[in-house]
Structure formats: C-alpha cells, structure tokens
Amino acid sequence: MNAREEILARIRASSGPPSPAPARDYQHADALSPGETLSKFAGRITDYGVLVTEVANETAVADAVREICAARGIGHLVTSPDCPGPWQPQDVMITTDRGLSIEALAAIPAALTGAACAIAETGTVILDGGFAQGRRAISLLADFHLCVVFAAQIVECVPAAIAQMAPAARAGRPFTFISGPSATADIEFDRVQGVHGPRQLDVIIVRTGAASAPRS
Amino acid sequence: MSDFPSRAHTSLKNAQMRRNVRKAVTTIRTKTGRVIAERADWQQLRDAGSAIKTEALGSLDTLLIQLEERIQAAGGVVHWARDAAEARQIIVGLVQATDSPTVIKIKSMTTDEIELNPALEAAGIRPIETDLADMIVQLANEKPSHLLVPAIHKNRAEIRSLFQAEMSRPELTDNPRDLTDAARTYLRDHFTHTRVAISGANFAVAETGAVGVVESEGNGRMCLTLPDTLISIMGIEKVLPRWQDLEVFLQLLPRAATGERMNPYNSIWTGVTPGDGPTAFHLVLLDNGRTRILADQIARQTLHCIRCSRCLNVCPVYERAGGHAYDSMYQGPIGAVLTPQLRGLAEAGSPAFASSLCGACHEACPVQIDIPRILVHLRGAAVEASRATLGGKLSAETLAMASAARIFGNAAMFGFTQDAAGLLGAMVQQDGLLPRLPGLGAWSLSRELPAPARQSFRAWWKQRKPQA
C-alpha cells in the first residue's frame with residue numbers, strides 16, 4: 001500500500017461519526033452605515049501606524065500620491081500595467097511592471113496598487129491580483145506601499161470580506177491580507193515595524209466611485 | 001534520558017531566562033486579553049472554531065482527497081508522508097531536484113517536528129531560517145522555547161551579542177529596532193537569490209484548494225512569492241472543509257496568538273498562478289502519529305490545535321519552567337498533550353505530568369481543547385503501561401493501590417483499617433494534619449494530609465444506631 005492509501009485507510013479506521021455542520025452564531029453581516037464603516041477602517045489602520053489620506057473622487061488620487069511621495073522623499077513608483085491614469089502623478093517617475101526581474105523590482109523604493117476589498121474591524125486591505133494590483137511581488141519588495149481603496153470596497157467585518165472574496169477564491173487567485181506594515185515582536189515582545197516587507201503603508205481612501213472605473 | 005522535573009529544575013535556576021519569559025508572557029496576556037474583550041461574539045467564534053474542527057476530523061479522508069484534487073487542478077503536486085522519515089525523504093529529494101544549494105524557510109513547527117534541517121544539511125543543502133526569532137535560535141544553535149516566539153528566553157542584550165558575533169557587526173546596539181534592521185539586511189540577499197523555499201501551513205481549504213500562511217514580518221511573503229519552487233508541509237489535521245471557515249479562524253488566531261485584530265500578513269494561494277509567484281508548488285501531507293491520535297476518542301481534540309500558543313502564555317508551569325523543560329518543539333500545555341502522543345508515552349518523558357490541572361489552558365483555548373481532560377487520560381494510559389512491566393508491577397504505587405483495592409473490597413477489612421488509622425491519627429496528629437508519612441517521605445514532604453479521624457464514620461454510626 002502506498003503512503004496515500006495507507007494514511008487514508010488509517011483515517012477511515014479511526015474516524016468517529018460525521019458531525020453536523022457547525023452553528024455560526026457569531027457576527028456575519030455588517031451593522032454599521034457606510035460612513036461609520038469608513039471611519040472605523042481609517043481609525044483601525046491608523047492604529048497600525050498607517051498614514052490615511054481621504055480624497056473625494058478618483059481624479060484627486062494623483063495629487064494625493066504626489067503629496068505622499070513628496071513627504072516621504074519618494075521619486076520612483078512601480079505600478080501594475082492596469083494602474084489607472086488618474087492615479088499617476090506627472091512629476092514622479094513611474095515604472096510599469098511587465099515582468100521586471102526581482103532585482104529591478106527591489107531597486108524601486110515604492111509601489112502604488114489598488115485593493116480588492118478592505119475590512120474595517122481589523123484594518124485590513126486584501127489584494128487578490130485583480131484590478132490595479134498586479135502580482136504579489138510589487139507590494140512586497142518596496143519600502144513604501146501606497147494603496148488606493150474605494151469607500152465602496154470597505155466592509156465592516158471579516159465574514160463579509162470572506163464572502164466577498166469567495167468567487168476569486170474559487171478561481172484560484174492568490175490573496176494577500178495586509179494589516180499595516182510588516183512588524184515583529186520577537187525581541188522581548190516589543191513591536192518593531194518594518195521587517196522584511198514594506199516599512200510603511202499609506203492608504204488613500206476614495207470616497208466615491210468604484211475600483212471597476214473605466215481603465216485609462 | 002532526563003525527565004521534565006529534572007529539566008525544569010535546571011531552568012528554574014536560570015533567573016535571567018525566568019525574567020525574560022515572565023516579561024514576555026505578561027505582555028502577550030495583556031494584549032490578547034484586550035483584543036479578545038473587543039469581540040462580543042468571542043464565545044460564538046470559539047464554539048464555531050471547535051465545531052468546524054470536529055466536523056473536519058470526522059470527514060478527514062474526503063476533505064484530503066478533495067484538497068488534493070483542487071491543488072492538482074491548479075498546477076500543484078500533493079505528496080503523502082506516513083512519518084517524519086518519509087517526509088524528510090520527499091522534501092530533501094524535491095530540493096535536490098532543483099540543484100539549489102540553499103533553501104529559505106518560513107517558521108514552521110512541522111519542519112521542526114520532522115527534524116528537517118539536519119536532514120537537509122546532511123544532503124549538503126543549507127536551510128536558512130527567515131523568521132527573526134527562528135533565525136536567532138538557529139544562529140545561537142539552540143532550540144525554540146515557545147511555539148510562537150521561539151527566542152522568548154533571550155533578551156535584547158543576549159541577541160545583540162549574538163548578532164555582533166555572527167554577523168560581524170560590532171557596532172550594533174541592543175535596540176530592537178537596530179537588531180531587526182540588521183536581520184533585514186542580513187536576509188535580503190537570500191530572499192532575492194534563493195530559488196527554493198520551504199514553509200508550513202496554518203490551514204488549507206478543501207473546497208477551493210487554498211493553502212494559507214499567517215505571519216507578521218513579511219519573510220513569509222518573500223518565501224511564498226519570490227522563489228521558483230515552493231514546498232509546503234502540513235499536518236493532515238489542518239484541512240478545513242470550506243472557504244467560509246476562514247472567517248472564523250482568521251478572527252480566532254491573531255487575537256489569541258499575538259493579541260492583534262489581524263496580524264500584518266496572511267498569504268493564501270492555490271496551486272500556482274501564471275506570472276505571479278513560484279512556478280512549482282508541492283504540498284506534503286504529514287501523518288506522523290496524527291491518525292493514532294485521531295483513533296483515540298478522548299485525545300483526538302488535540303488535533304483541533306491552531307498553534308496560537310495562548311495556552312503557554314496563561315500556564316503557570318510554563319511561565320516558571322520555560323519552554324526548554326518540555327524538550328520538544330511543542331511546549332506548554334498543548335505540548336504536554338501533543339508530544340507524548342506523537343513520540344509515544346515512554347519516549348516523550350513525563351510532560352503529561354507537568355501540569356497542576358488548574359484548567360487555565362482550557363479556559364483560554366480559542367478552539368476549546370479540554371487539555372486537562374486529555375492530560376488525565378494520558379496519565380492513566382502511562383500508569384497502565386508502566387503497570388504492565390515487571391518493575392511497574394512491583395512498584396510501591398502499584399502495591400499500595402492493589403492492597404487498597406483489597407481493603408475497599410471487603411467490609412470487615414475496611415472497618416479494621418479505619419480503626420487502625422484512627423489509632424494512628426490519635427498518635428501522630430499535629431494541628432489536625434499528619435506531619436510525615438512513613439515510607440512516603442518525598443511525596444508527603446510537599447503535601448499536607450489531614451490526619452485520620454480518631455473515630456471512623458462506621459464506628460460512630462454503629463455506636464449511635466441503638467439510640468435512633
């Protein structure tokens with residue numbers, strides 16, 4: 001008997017009676033209004049040391065990006081090939097990732113991406129490689145990650161986000177849940193931010209419109 | 001072979017280690033307590049977590065087959081390993097096939113369990129631990145002392161000296177920020193140049209074929225994203241039935257483990273994705289004693305464990321004895337039940353006895369594992385096993401229990417013994433307590449036993465009956 005057959009046989013010999021589907025009496029549905037959800041999200045990611053900028057609509061994103069770049073001394077951004085034109089400031093160098101080498105990617109100090117969804121309760125942005133996000137390495141090797149989130153993408157609780165991500169999960173898309181910049185508490189449980197992933201996460205919240213806006 | 005009491009004796013004398021551990025677990029307890037209190041539905045989440053794990057273990061064969069199908073359909077390869085040796089052989093072979101002289105590793109208790117690093121080294125492959133604490137432990141050539149914070153026994157000054165020597169960085173300060181930066185610089189090149197990575201897995205989803213790793217530092221994302229080949233190893237009990245189940249465990253785990261609403265990074269992937277991440281993905285499903293645990297109806301809930309380490313952080317024995325006393329990669333209360341079941345009761349020493357059964361672990365566990373009940377069950381099994389040996393048959397405990405059984409089984413003998421005990425009580429009683437019991441010196445030294453009453457209940461009843 002090969003290992004697979006033997007392990008399966010051992011399991012079948014030892015399994016107890018099948019159990020009923022679990023009760024899910026915890027919070028499932030969002031209870032907050034859109035405005036409350038937005039401010040909860042902003043508050044929770046601020047707790048992680050994330051800089052939050054709110055803009056009225058998508059046309060204001062490029063200005064917000066320019067200001068963040070100026071404040072952080074960023075002169076060069078990497079984006080996915082489908083990054084919308086209105087997000088890209090004119091006076092910052094922008095490289096589009098069309099299969100850059102790891103070394104080339106690592107040499108660019110900042111990445112500008114969108115998101116698939118965000119969770120207010122936990123201050124999380126979720127990337128699934130969809131619109132304006134590109135491959136996972138883009139938002140990993142940069143020192144600064146600038147992430148554009150539309151208010152309409154923010155849900156209140158974890159179950160709402162998992163439900164929203166289900167179609168992408170069935171399609172086998174890779175997910176990254178990001179809750180603040182990389183961090184460690186391995187030395188005396190003292191929290192230090194900026195270990196191997198980005199040292200800083202900046203989130204730009206767009207109050208109106210949606211991530212599926214026409215691509216430019 | 002040393003046992004828990006003698007190892008604990010050694011670690012209890014290490015005042016620095018005890019200070020380091022106490023400081024860290026106190027901090028974690030405060031943080032986890034705060035974010036758990038935030039969730040009004042915490043108990044409902046625990047109930048669901050426990051129920052999902054029970055359900056998954058009840059249909060494990062179906063779920064593993066479904067997981068295998070989904071991963072294969074997404075371009076991944078699934079391997080099955082009956083034991084540690086088979087898992088090592090599979091993984092070493094996969095790495096050798098890539099010709100890579102090094103592998104980068106994400107913190108994984110399962111690779112510690114199968115003792116993968118020595119096997120890789122023996123094959124001429126250098127494993128590089130990339131989790132900060134694991135890197136500290138690897139550089140110091142020590143063993144992890146905590147499930148989640150493996151270097152919890154070391155303070156900043158000790159880590160500074162280690163880094164100064166191992167990284168040739170004499171200028172380093174003991175500021176955790178500087179030490180963390182040093183680790184970032186030290187590992188960056190390995191991340192961008194190493195072509196093979198090895199990881200564990202926090203969970204897998206049978207419904208979709210997704211595998212997930214939960215982490216904080218970004219070393220996980222580096223290992224899961226940048227190399228060409230990714231090899232993940234996972235205990236068979238980690239499979240969840242459906243995608244929706246993540247909504248429970250992604251709430252329970254970070255709050256119970258690190259005291260965060262969500263840890264910085266969760267990576268969830270399915271097989272391989274063209275143009276994004278590794279081009280080859282292997283998942284090794286490990287049994288290594290898990291089906292034996294599954295067959296034990298009382299102990300099988302051990303397999304619910306999500307490795308949050310909250311039971312360590314609330315355990316009075318762990319806080320004082322430290323992780324090394326358990327002599328296992330699984331320490332604390334969960335280690336006390338898991339290690340003897342994985343290694344066998346005799347070989348694992350006495351961790352099942354390393355508990356006062358105070359119940360703090362059961363109360364704290366996010367998936368409600370009744371650790372005290374399993375401990376008592378395992379102690380029973382250990383006593384049964386030792387009674388079966390000749391030495392065990394002749395031990396004072398066995399003989400005492402056998403004579404007790406005879407006495408309790410015979411009314412006349414029981415009455416006689418009680419009268420004799422009353423006599424003994426009258427003779428040696430001090431403040432209502434027996435000072436030392438003859439023949440049971442070591443045992444009665446740390447326990448106070450009430451002296452037997454001068455008159456037994458039966459004697460008193462016999463006396464008062466005519467008046468009734």
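The model is predicted, so local features need pLDDT of at least 70 and side-chain atom pairs count only at pLDDT 80 or more, while totals for chains, interfaces and linings use all residues. Residues are numbered from 1 along each chain as its sequence is written, chains are lettered from A and ligands numbered from 1 in the order in which they are written, and side-chain values use heavy atoms, with hydrogens and water left out.

**Stop 1: the interface of the two chains**

Colour chain A and chain B separately and look at where they meet. Contact, meaning heavy atoms within 4.5 Å, involves 75 residues from chain A and 93 residues from chain B. The buried area, which is the accessible area (1.4 Å probe) that two parts lose on being put together, summed over both, comes to about 7300 Å², and carbon and sulfur atoms give 56% of it. On the chain B side, R82(B), R184(B) and W243(B) lose the most area to chain A, together 10% of what that side buries.

**Stop 2: chain A as a whole**

Helices (H or I, at least four residues) and strands (E, at least two) are DSSP runs, numbered from the N terminus, and chain A has six helices and 12 strands. The C-alpha trace of chain A spans about 65 × 45 × 45 Å along its principal axes. Of its 216 residues, 59% count as buried, where buried means under 20% relative accessible area, exposed means over 50%, and partly exposed lies in between (1.4 Å probe, protein chains only).

**Stop 3**

Bring chain B back and follow the open sheet of eight strands in the order β8(A)-β5(A)-β6(A)-β9(A)-β9(B)-β6(B)-β5(B)-β8(B), where the pairing is mixed. Two strands are said to pair if DSSP finds at least two bridges between them. At the edges are β8 of chain A and β8 (239-240) of chain B, each of which pairs on one side only. On the chain A side, β5(A) and β8(A) run parallel and are joined by two bridges, and selecting I119(A) shows it opposite V155(A) in β8(A).

**Stop 3: helix α6 of chain A**

Select residues 158-170 of chain A, which form the helix α6(A) of 13 residues. From first C-alpha to last, α6(A) reaches 18 Å, close to the 18 Å expected at 1.5 Å a residue, the expected span being 1.5 Å times one less than the number of residues. At Q164(A), shortly before the proline P167(A), there is a kink of about 35°; the bend at a residue is the angle between axes fitted to the seven residues ending there and the seven starting there. Among the buried residues of this helix are V158(A), I162(A) and M165(A), and what covers the buried set includes β9 (175-178) of chain A together with α12 (246-257) of chain B. After the helix comes G172(A), with a positive phi near 80°.

**Stop 4: strand β4 of chain A**

Next, select residues 110-113 of chain A, where A110(A) and L112(A) point one way from β4(A), A111(A) and T113(A) point the other way, and all are buried. In a regular strand the side chains alternate between the two faces of the sheet. Strand β2 (residues 76-79) of chain A runs parallel to β4(A) and is joined to it by three bridges, with V78(A) opposite A111(A). Strand β7 (residues 144-150) of chain A pairs with β4(A) in the parallel sense over four bridges, and F144(A) is the bridge partner of A110(A).

**Stop 5: individual residues of chain B**

Begin with N288(B), in the loop between β10 (280-286) and α13 (290-294) of chain B, which has a positive phi of about 45° although it is not a glycine. Is N288(B) buried or exposed? N288(B) is buried, with a relative accessible area of 16%.

Finish at N202(B), in the loop between β4 (196-199) and β5 (203-205) of chain B, where the residue is partly exposed at a relative accessible area of 25%. Not counting residues up to four places away in sequence, N202(B) touches G212(B), V213(B), V214(B), K238(B) and L253(B).
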